[in-house]
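Visitor: Could you walk me through this structure, one question at a time?
Guide: Gladly, let's look at it together.

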Amino acid sequence: MKNKPFVPQLVYIEPRALEYPLGVTLKKKFKDMGLEIRETTSHNQVRNIPGDTDFQKYRNAKSTLVIGVRKTLKFDSSKPSAEYAIPFATGCMGHCHYCYLQTTMGSKPYIRTYVNVEEILDQAQQYMEERAPQITRFEASCTSDIVGIDHLTHTLKHAIEYFGQSELGRLRFVTKFHHVDHLLDAKHNGRTRFRFSVNADYVIKYFEPGTSPLDLRIDAARKVAEAGYPLGFIVAPIYIHEGWQEGYRELFEKLDAALPQSARDDITFELIQHRFTKPAKRVIEKNYPKTKLEMNEEERRYKWGRYGIGKYIYSKEEEQALRESLESDIDTYFPNAKIEYFT
């Protein structure tokens, strides 16, 4: 578990990044911190990550920060929770065994932060105008845990204040880190939903190394609620383990004990059962050879996904049991909360 904010061991900078004020600021900041800074022609082509074996290179990449310019400004249409993914960063310093970034990031597990923030926000503005007068929601954590690096970059804080002024835009993101103090005074005007990824103790203990412990996440959620942000929780992956019903009930009890009354009328929950794909399983077993994560295809149900890649999820009966148990707990402790989806 990780209590200290992330500091990269190695920093790469794309020359073009120095054409932007944030690129210059970050270079100076990291130089003053005494970090090793290297140049790379492109944030997509970082070579020479130190390490003798794939395993070491993977570990070192996870503590390498690359400062670059985001060239593709076309946003992906997003998850069930938003219309678009907004790309401020890619990659994560956490080591969650089950994470889908394992396969989408493939051979590039290093963390990238983009300095052309104004261009990214201008593109968001265009999407908002196209969909006007509807509200457009932007998800800032599809490809990274942005809170994990924001104490260094303040990109997210800038975006929160940008959307705070916006009539038609809403921002949302999710984190497993508790380093939120610099975001508490942001002028969000209630237009950013600040979500935390939470889970039963068993899942956090065995499958979420390199992230903040649950009690610190919950304490951060309390601070965020007191700062007036709309609050949400993603319970993912919901994972069947011995005593899972009690494990998840304890999670909701802890949330109930910590969260102020003032936040309770506008809390959202997103519930995602554990799933994996064949390619993900191979990568996970390579990166975390000792993982206890259960990925037995025979015991799962195969569900076709978009783009022809199917995933293995729990059987219909198990899925039903998970759903009923968690929805009933949420109803008990947070009767006014909204369950956005169970998948």
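Visitor: Which residues are exposed on the other side of α1?
Guide: This is a predicted model, so please read the answers with that in mind. In α1, the buried residues are Leu22, Gly23, Leu26 and Phe30. Seen down the axis of α1, these buried residues fall within an arc of 100°, so they line one face of the helix. On the other side, the exposed residues are Pro21, Lys28, Lys31 and Asp32.

Visitor: How far apart are the end C-alpha atoms of α1?
Guide: Helix α1 covers residues 21–32, which makes 12 residues.

Visitor: Which residue just after α1 takes a positive phi?
Guide: Look just past the end of the helix, where the phi is about 80°. The residue there is Gly34.

Visitor: Which strands stand at the edges of the open sheet?
Guide: The sheet has seven strands with parallel pairing, in the order β4-β7-β8-β9-β10-β11-β14. A strand at the edge has a single partner, so one side of it is left without a neighbour in the sheet. That describes β4 (84–85) and β14 (338–342).

Visitor: What is the bridge partner of Tyr84 in β7?
Guide: Strands β4 and β7 (residues 136–139) run parallel and are joined by two bridges. In β7, the partner of Tyr84 is Phe138.

Visitor: At about what angle does helix α4 run to β7?
Guide: Helix α4 (residues 117–131) lies across β4, β7 and β8 (169–175). Its angle to β7 is about 150°.

Visitor: Which residues touch the most other members of the largest nonpolar core?
Guide: That core holds 91 residues. One of the residues you ask about has contacts beyond its neighbours within four places in sequence that include Phe75, Leu121, Phe138 and Leu171; this is Ile86.

Visitor: Is Ser325 buried or exposed?
Guide: Ser325 sits in helix α11 (residues 316–333). Not counting residues up to four places away in sequence, Ser325 touches Trp244 and Gln245. Its relative accessibility is 13%, and since the cut-off is under 20%, Ser325 counts as buried.

Visitor: How far apart in space are Ser325 and Arg249, C-alpha to C-alpha?
Guide: In sequence, Ser325 and Arg249 are 76 residues apart. In space, C-alpha to C-alpha, the distance is 8.5 Å.

Notes:
Residues numbered from 1 in each chain as written. Predicted model: local features only at pLDDT ≥ 70, side-chain atom pairs only at ≥ 80, totals over all residues. Heavy atoms only, no water. Core = buried A, V, L, I, M, F, W, Y, C linked by side-chain atoms within 4.5 Å. Buried < 20%, exposed > 50% of the residue type's maximum accessible area, 1.4 Å probe, protein only. Contact = heavy atoms within 4.5 Å. Helix = DSSP H or I, 4+ residues; strand = E, 2+ residues; numbered from the N terminus. Pairing = 2+ DSSP bridges. Axes fitted to C-alpha atoms, helices over the stretch in contact; angles between N-to-C directions. Expected span 1.5 Å × (residues − 1). Arc of directions from axis to C-beta.
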